[in-house]
Amino acid sequence: MGWLQRLKRGSFGKFLRLVFGRNHARIGIYGPPNSGKTTLANKIVKDWAGDIVGTVSGIPHETRRVKLKRDLTVRGDGGVLDIDIVDTPGIATKIDFRDFVEGYGIDEEDSKKRAKEATEGVIEAIRWLDDMDGVILVVDSTQDPFTQVNITILGNLEARKLPLLIAANKVDLKEAAPSLIRESFPQHKVVPLSALTGYNVESFYDNLIDVFR
Amino acid sequence: MEKISISLISQRKLNDLTTHEKINLILEGVKEGKVIILEKGLTPTEETELIESTMAKVDNETFMGIEMDTYNVPEDNSWLSKLWKRRWLNKGRWTVIGPANRVRMLKKDPGVFEAIITLEGGA
């Protein structure tokens with residue numbers, strides 16, 4: 001972390017915010033593949049700028065490049081927050097092109113290309129962590145949250161002392177168990193929501209302002 | 001008969017290595033098809049660097065990535081234990097890493113963690 005970022009996050013930054021009012025935060029959306037990161041990024045950007053950041057599909061690693069949307073103003077009960085939203089490719093420890101061939105019927109050449117781009121996307125996502133003021137970790141509420149990828153991301157954010165909000169996504173699905181995410185990560189703020197249907201997004205925005213302001 | 005090699009790397013050896021050296025050691029072993037057990041597990045920052053280095057080496061032919069799991073030894077919270085550990089011991093944290101095409105970690109409970117290792121197929 002650079003000295004400027006340390007100043008910004010430290011007491012000097014708080015002093016500046018008190019004097020000059022609104023804060024601006026660059027927030028990264030991180031998580032494993034298919035947890036709904038781009039759906040959430042699209043929801044945020046649509047709600048506050050009437051736009052979207054990327055396409056969504058059921059195939060893992062649909063987002064293979066970092067996408068940045070600047071200067072959104074989020075409003076909630078707790079005030080106002082100016083943010084940049086950074087949608088990142090899913091973090092994974094393995095990417096096998098055969099999963100795209102066998103699981104989704106993509107031809108071998110395209111699957112290899114997709115896998116290669118996905119590996120580059122993971123590297124890019126990790127490198128962007130240096131430029132973040134805070135992170136939303138998107139976790140699929142229908143899956144076991146206690147995975148190595150989630151643990152590694154959380155541990156890394158804790159080591160960097162970055163503010164964090166966990167979005168327990170996909171609560172519109174019958175098998176969702178957001179309480180399990182709360183139990184797994186009791187030290188962090190967890191907001192259940194459905195980025196797809198918009199369920200509980202108002203509470204999500206209130207928490208976003210509270211955590212990242 | 002096909003075999004699989006398991007390397008247990010001691011805390012003492014790991015203490016002498018930089019993060020870069022640890023990651024090279026792990027990836028060289030895993031690319032040869034070995035399962036690596038670190039007596040002193042990686043920190044979250046090192047784990048992230050390992051993921052980054054792993055992704056740079058995925059080649060769509062022989063190496064698809066890694067399977068990794070970390071086991072935190074539950075801490076004894078008595079003041080004597082805290083003082084003792086803080087002064088003399090490293091936090092109990094093991095990391096197991098293997099080639100993704102051979103190793104699949106199973107759900108762990110606080111006392112045990114299990115993995116399935118497949119022998120067929122190259123690393």
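A salt bridge here is a side-chain nitrogen of Lys or Arg within 4 Å of a carboxyl oxygen of Asp or Glu. E67(B) and K94(A) form such a pair, with their closest N and O atoms 2.5 Å apart. The model is predicted. Chain A and chain B bury about 2000 Å² between them, and the largest pocket, with a volume of about 1300 Å³, has K94(A) and E67(B) among the lining residues that lie nearest its centre.

**Interface of chain A and chain B**

- The contact involves 23 residues of chain A and 22 residues of chain B.
- Of the area buried between the two chains, 57% is on carbon and sulfur atoms.
- On the side of chain A, the residues that lose the most area to chain B are T93(A), K94(A) and Q148(A), which together account for 28% of what that side buries.
- Three salt bridges are counted between chain A and chain B, one of them between E67(B) and K94(A).
- Polar contacts link 10 residue pairs across the interface, counting pairs with both residues at pLDDT 80 or more.
- Helices α4, α5 (108-128) and α6 of chain A each supply at least two residues of the side that touches chain B.
- The largest share of that side comes from α5(A), with eight residues.
- By class, the side of chain A that touches chain B has 10 nonpolar, six polar and seven charged residues.

**Largest pocket**

- The lining of the largest pocket consists of 43 residues.
- Nearest the centre of this pocket lie K94(A), T147(A), Q148(A), V149(A) and E67(B); K94(A) and Q148(A) are also among the residues of chain A that lose the most area to chain B.
- In chain A, α4 (97-104), β4 (134-140), α6 (148-160) and α7 (178-184) each supply at least two lining residues.
- In chain B, β3 (66-72) and β5 (103-105) likewise each supply at least two.
- The element that gives the most to the pocket lining is α6(A), with four residues.
- The pocket lining divides into 20 nonpolar, 11 polar and 12 charged residues.

**Largest cavity**

- A search of the whole structure finds one cavity of 30 Å³ or more.
- About 70 Å³ of space lies in the largest cavity.
- From chain A, the cavity is lined by Y30(A), I91(A), I126(A), L129(A), T152(A), I153(A) and N156(A).
- From chain B, the lining residues are T48(B) and I51(B).
- Two or more lining residues come from α6 of chain A and from α3 (44-57) of chain B.
- The most is given by α6(A), with three residues; α6(A) also gives the most to the lining of the largest pocket.

- At the start of α4(A), a side-chain oxygen of D96(A) comes within 2.9 Å of the backbone nitrogen of R98(A).
- After α4(A) comes G105(A), with a positive phi near 65 degrees.
- Over all chains, the structure holds 17 salt bridges.
- One of the salt bridges joins the side chains of K43(A) and D47(A), at 3.2 Å from N to O.
- Both K43(A) and D47(A) belong to helix α3 (residues 37-49) of chain A, where they are four residues apart, about one turn of the helix.

How values were computed:
Residues are numbered from 1 along each chain as its sequence is written. Chains are lettered from A and ligands numbered from 1 in the order in which they are written. Side-chain values use heavy atoms; hydrogens and water are left out. On a 1 Å grid over the protein atoms alone, a cavity is a set of points where a 1.4 Å probe fits but cannot get out, and a pocket is an open set with protein on both sides within 12 Å along at least five of seven lines; lining residues have an atom within 4 Å of a point. Grid points are joined across faces, edges and corners, and a volume is the space filled by probe spheres set on the points. Ala, Val, Leu, Ile, Met, Phe, Trp, Tyr, Cys and Pro count as nonpolar, Asp, Glu, Lys and Arg as charged, and the others, Gly among them, as polar. Contact means heavy atoms within 4.5 Å. Buried area is the accessible area (1.4 Å probe) that two parts lose on being put together, summed over both. A polar contact is a pair of N or O atoms within 3.5 Å; within protein, one must be able to donate a hydrogen and the other to accept it, and residues adjacent in sequence count only if both atoms are side-chain atoms.
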